[in-house]
Amino acid sequence: MTKALAGVRILDFTHVQSGPTCTQLLAWFGADVIKVERSGEGDATRGQLRDIPNVDSLYFTMLNHNKRSITLNTKTAGGREVLDALIRHCDVLVENFAPGALDRMGVTWEHIQKTNPRMILASVKGFGPGPYEDCKVYENVAQCAGGAASTTGWEDGLPMVTGAQIGDSGTGLHLALGIVTALYQRSQTGRGQKVLAPMQDAVLNLCRVKLRDQQRLERTHTLHEYPQYPDGKFGDAVPRSGNASGGGQPGSILKCKGWETDPNAYIYFITQAAVWPAICTVIGEPEWIEDEAYATPQARLLHLKPIFRRIEQWTMTKDKIEAMDILNKLDIPCGPILSMKELAHDPSLRASGAVVEVDHPTRGKYLTVGNPIKLSDSPTEVTRSPLLGEHTDEVLTQLGYAAGDIERLRSQGVL
Ligand code: COA
C-alpha cells in the first residue's frame with residue numbers, strides 16, 4: 001500500500017523536540033525525511049538524559065523514527081554546495097533554529113526561492129513578530145508565555161506547567177498541518193511559501209477556552225463553573241481552577257479505593273446533566289433527582305463542592321477500574337488516572353499501536369508512542385531512529401555525488 005506522503009521529500013533541519021515531532025509525523029505518513037546534523041555531536045538530544053552510556057538517548061530515538069540522518073557542516077563552502085543540492089532535491093525545509101540562525105547560515109528565504117521556487121520553508125519559533133521575536137524558547141517558556149501556566153494549578157498555589165508537552169509537541173503538530181496545507185496549495189499554484197508556527201501562539205490556541213473565560217469574566221465578573229464560585233472572590237484575570245472541568249459539564253478528580261498509598265488511585269468524574277438521575281441513583285441519593293437544590297444544572301452550580309464530596313464517598317468504595325466499569329455502563333463520563341507504568345504495560349494500547357516496541361541496533365528493544373493519527377489507506381509502521389550520519393553516503397549518492405567526491409568532502413570535514 002502506498003503512503004499518503006510518498007514522494008514528498010523533507011530537508012529536516014530540526015533539533016530538540018518541537019521540530020522533530022513535526023518531521024516524525026511527516027515521516028510516519030510516508031515522506032522521505034532527511035535529517036541534517038553536525039558530525040560528532042548531531043542533535044543535542046542524542047546525548048541528553050541518557051540511560052545507557054554512548055547510546056542514543058530515548059529522548060532522541062522517540063522523536064526521530066522513520067528518518068534518515070546525514071552529517072553536514074553547512075558553514076563550509078562544500079557544505080553549502082551540498083545544502084543547495086538538497087534544497088533543489090526536496091519539497092520542504094523544516095527548521096527550528098534560534099531566530100536568525102538560518103539567515104546566518106546564508107539560507108535566506110530569497111536564496112531558497114532562487115534555488116527552488118517550489119520549496120516550502122517551515123519554521124518553529126518561540127514567538128511570532130513582536131517584542132520577543134528574537135528570543136530563544138524552550139517548552140516551559142512557551143507554556144508560561146502562552147497562558148497555560150497562569151491558568152493551571154491551584155488557586156492558592158504557584159502557576160504550574162503541565163507534563164503534556166504542549167509547547168514543543170503541540171507546536172510541532174501545528175507546523176505539520178501548516179506544511180501539508182502549503183503542499184496542497186502548491187499543487188494549485190506551483191509555488192512554495194513560508195510556514196511559521198510560533199510556540200506562544202500554539203499554546204494560546206490550545207488554551208483558547210481560557211481566553212473565552214477571560215472575556216466572560218470581564219463582562220460578568222464571575223465564572224460559575226470555577227471552584228471560586230460561589231464563596232470565593234474573582235480578580236480581573238482568569239484564575240487557576242484546580243481540576244474543574246473548564247466546560248459546561250462540571251467535573252472533578254475524586255479518590256478511589258487505595259488512594260492512601262497509591263498516588264494514582266483517582267478517577268475523573270463528570271456530572272453530565274443528561275445522566276444526573278443515574279448519578280444520583282448509583283451513589284445512593286435518589287431523592288436528589290427531584291430535590292430543587294440539585295435538580296437542574298444551574299441549581300447544582302451552587303453546591304458543586306458538597307456534591308463531589310458525596311460522590312467521592314461512593315468512589316472511595318471502589319477501585320478506579322471497578323468504578324469506571326460501573327459508571328460506563330450507566331453512560332456516566334469518567335476516566336481513571338492512569339500512570340505511565342499502567343500505560344506502558346496496557347495490552348490494549350499495544351494491540352492498537354498506541355504504544356509500540358521498536359528494536360535499535362545499539363539500544364535493543366524500547367517502547368515508544370505510535371502515530372496517534374490513523375489513516376485507513378496509509379498505515380504507519382514505526383521504524384527505528386537513524387544513527388548519526390547513517391545515511392550520508394546513500395543520500396549524497398542519490399544527489400549525484402560520486403564515491404570519490406564523498407570521500408573528498410569527508411576528508412575536508414564537510415561531512
Ligand atoms: N552545520 C553548521 N552549523 C550548524 C548546523 C550544521 N549542520 N546545525 C546547526 N548549526 C548551528 C546554527 O547555525 C547555529 O549557529 P549560529 O548561532 O552561529 O547562527 C548554532 O548551530 C546553534 O543553533 P541554535 O538553534 O541557535 O541552537 P541553540 O542550542 O543555541 O538553541 C533553541 C536551541 C531550541 C533554544 C533554539 O534553537 C530555539 O529557540 N529554537 C526555536 C524555538 C524552538 O523550537 N524551541 C523548542 C525546542 S524543543
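The dialogue below reads the sheet and the nonpolar cores of a predicted model.

Biologist: What should I keep in mind about this model and its numbering?

Modeller: The model is predicted, so to speak of local features pLDDT of at least 70 is needed, side-chain atom pairs count only at pLDDT 80 or more, and totals for chains, interfaces and linings use all residues. Residues are numbered from 1 along each chain as its sequence is written, and side-chain values use heavy atoms, with hydrogens and water left out.

Biologist: In what order do the 6 strands of the open sheet stand?

Modeller: Strands are DSSP runs of E with at least two residues, helices are runs of H or I with at least four, both numbered from the N terminus, and two strands pair if DSSP finds at least two bridges between them. Here the order is E3-E2-E1-E4-E5-E6, with parallel pairing. Strands E3 (68-71) and E6 (194-198) each have a single partner strand, so one side of each lacks a neighbour in the sheet.

Biologist: Which strand pairs with E6, and over how many bridges?

Modeller: Strand E5 (residues 120-125) does, in the parallel sense over 5 bridges, and Val124 stands opposite Ala197 in E6.

Biologist: Which residues have the most contacts inside the largest nonpolar core?

Modeller: In soluble globular proteins, nonpolar side chains tend to be buried together. A nonpolar core is a set of buried Ala, Val, Leu, Ile, Met, Phe, Trp, Tyr and Cys residues joined through side-chain atoms within 4.5 Å, where buried means under 20% relative accessible area with a 1.4 Å probe, protein chains only. The largest has 35 residues, and Ile10, Leu26, Val92, Val94, Leu175 and Ile179 have the most contacts inside it. A second, separate core of 30 residues includes Leu93, Leu102, Leu121 and Ile406.

Definitions and conventions: Buried means under 20% relative accessible area, exposed over 50%, partly exposed in between (1.4 Å probe, protein chains only).
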